[in-house]
Each structure stands twice: as C-alpha cells, then as structure tokens.
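The account is meant to be read beside the coordinates.

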Amino acid sequence: MSGFVINLGTLPAGRGRIRAVAEPSQLDLPAAVWPGEVRGDLGIDRTGELLSVRGTVQATARLECVRCLEEFDLPLEAELAVVADRAGGPRRLEEDLEAGSYMKFHDGRQLDLGEETREALLLELPITPHCREDCRGLCPRCGANRNQGPCRCERARAGAGPAE
Ligand SMILES: [Zn+2]
Ligand SMILES: [Zn+2]
C-alpha cells in the first residue's frame, strides 16, 4: 500500500510527523515520467476526527527539454496542505480552514493523500522544461544539438572567415 495512506487507527492525537514513501504507480503517476520514489515529509495535527496535514512532497520527473529535445531528470518539491474530517461528522465552516487548505473527508480508518500528492506534483511540472538554464538547443539549420559543441554550419561559418 502507498505510504500516503495514513492509518488513523494508530495515529495519536496532537502533533506528529510522518515520512511517506510510495512508488509513482501507486499514485497513478506513470513510471516513464516519474522514474524514482515519491517521498513526503508531513506534519499531521489531529484533534479527534479532524486532521490537518502540512508538509512537502518530493519526486523526480523525467522531461524532454523544449530546446534540445534531450531527456533530463528534474527534482521537484511541492507543498501539501490538506484538512480532513470524518464523513458525516458535524459540519465545519469554510472560515475554520487555514488559507490554502483543502477540505476532504475520511472514513475514520484511513486518510488517503495519494490524490492530493499527485495533483501537487503535477502542478510543479514546468510548462516549458529546460535541461539547463543555458541550454543552447538545436541548430535551426542542421538540427545538431549545440550543447555538444559547434555544429557543422558553425564550423563552416568559422572556416569562411569573419566576412559572413
Ligand atoms: Zn536542453
Ligand atoms: Zn547547424
């Protein structure tokens, strides 16, 4: 079972800390894009059936650079903030929630943070991934990866002298 499923039967009242580990596939994250484990460092505050979770989740995404089209691994860290109450319990007002928190419901036995973890990580994915800040990309003329040195056009231009 995913480490992001918190067993409420053994979770003590008050503040605690949980380190969670899961395989990406357990969180519906495809292994081709998420090559490593997903880890969480979560602070949990329990008052009766009300749970407040705050912490960070980490994973590595395998992405394709938009400039040079090479694959690279990007470590990601996302904030997680979840407030959960037992389904069917007394209703709580929106104002009781800390800013940025999200209310979900648990069944009194376990709290599954898998969905929130997956969504938090997906939000961290860059829209235009770069393998590095100064990636030189592909040559628009010959298509060579210019991170690997001058392409043949650049060499030809250099050979032609400063006139061009
Ligand atoms: Zn690149
Ligand atoms: Zn070129």
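This is a predicted model: local features need pLDDT of at least 70, side-chain atom pairs count only at pLDDT 80 or more; totals for chains, interfaces and linings use all residues.

Residues are numbered from 1 along each chain as its sequence is written, and chains are lettered from A and ligands numbered from 1 in the order in which they are written.

**Architecture**

The chain contains seven strands and two helices, where helices (H or I, at least four residues) and strands (E, at least two) are DSSP runs numbered from the N terminus. Along the sequence these elements occur in the order β-β-β-β-β-β-β-α-α. Of the 164 residues, 20% count as buried; a residue is called buried if 20 or more other C-beta atoms lie within 10 Å of its own, exposed if 12 or fewer, and partly exposed in between, with C-beta atoms placed from the backbone. Among contacts in the chain with a separation of 6 or more, 51% link residues 24 or more positions apart, a contact being two residues whose C-beta atoms, placed from the backbone, lie within 7 Å.

**Strand pairing**

Strands are taken to pair if DSSP finds at least two bridges between them. Strand 2 and strand 3 run antiparallel and are joined by nine bridges, with Ala 22 opposite Val 38 of strand 3. Strand 3 also pairs with strand 4 in the antiparallel sense, over nine bridges, and here Arg 46 stands opposite Leu 51 of strand 4. Strand 3 and strand 4 form a hairpin with two residues between them, and Gly 48, in the turn, has a positive phi of about 65 degrees.

**The nonpolar core**

In soluble globular proteins, nonpolar side chains tend to be buried together. A nonpolar core is defined here as a set of buried Ala, Val, Leu, Ile, Met, Phe, Trp, Tyr and Cys residues joined through C-beta atoms within 7 Å. The largest such core has 23 residues, and those with the most contacts inside it are Val 53, Val 57, Ala 59, Leu 80 and Leu 113. At least two residues of this core come from each of strand 2 (14-22), strand 3 (38-47), strand 4 (50-64), strand 5 (71-86) and helix 1 (114-124), and strand 4 gives the most, with five residues.

| Pair | Sequence separation | C-alpha distance |
|---|---|---|
| Ile 6 and Ala 20 | 14 residues | 8.8 Å |
| Gln 148 and Arg 136 | twelve residues | 9.2 Å |
| Glu 64 and Val 33 | 31 residues | 9.8 Å |

Ile 6 lies in strand 1 (residues 5-7) and counts as buried because it has 22 C-beta neighbours inside 10 Å. Leaving aside neighbours within four places in sequence, Ile 6 is in contact with Leu 11, Ile 18, Gln 110, Leu 111 and Leu 113.

Glu 64, in strand 4, is exposed, with 12 other C-beta atoms within 10 Å. Beyond residues up to four places away in sequence, Glu 64 touches Leu 69, Glu 71 and Pro 129.

Gln 148 is placed in the loop between helix 1 and helix 2 (152-160), and is exposed because 10 other C-beta atoms lie within 10 Å.
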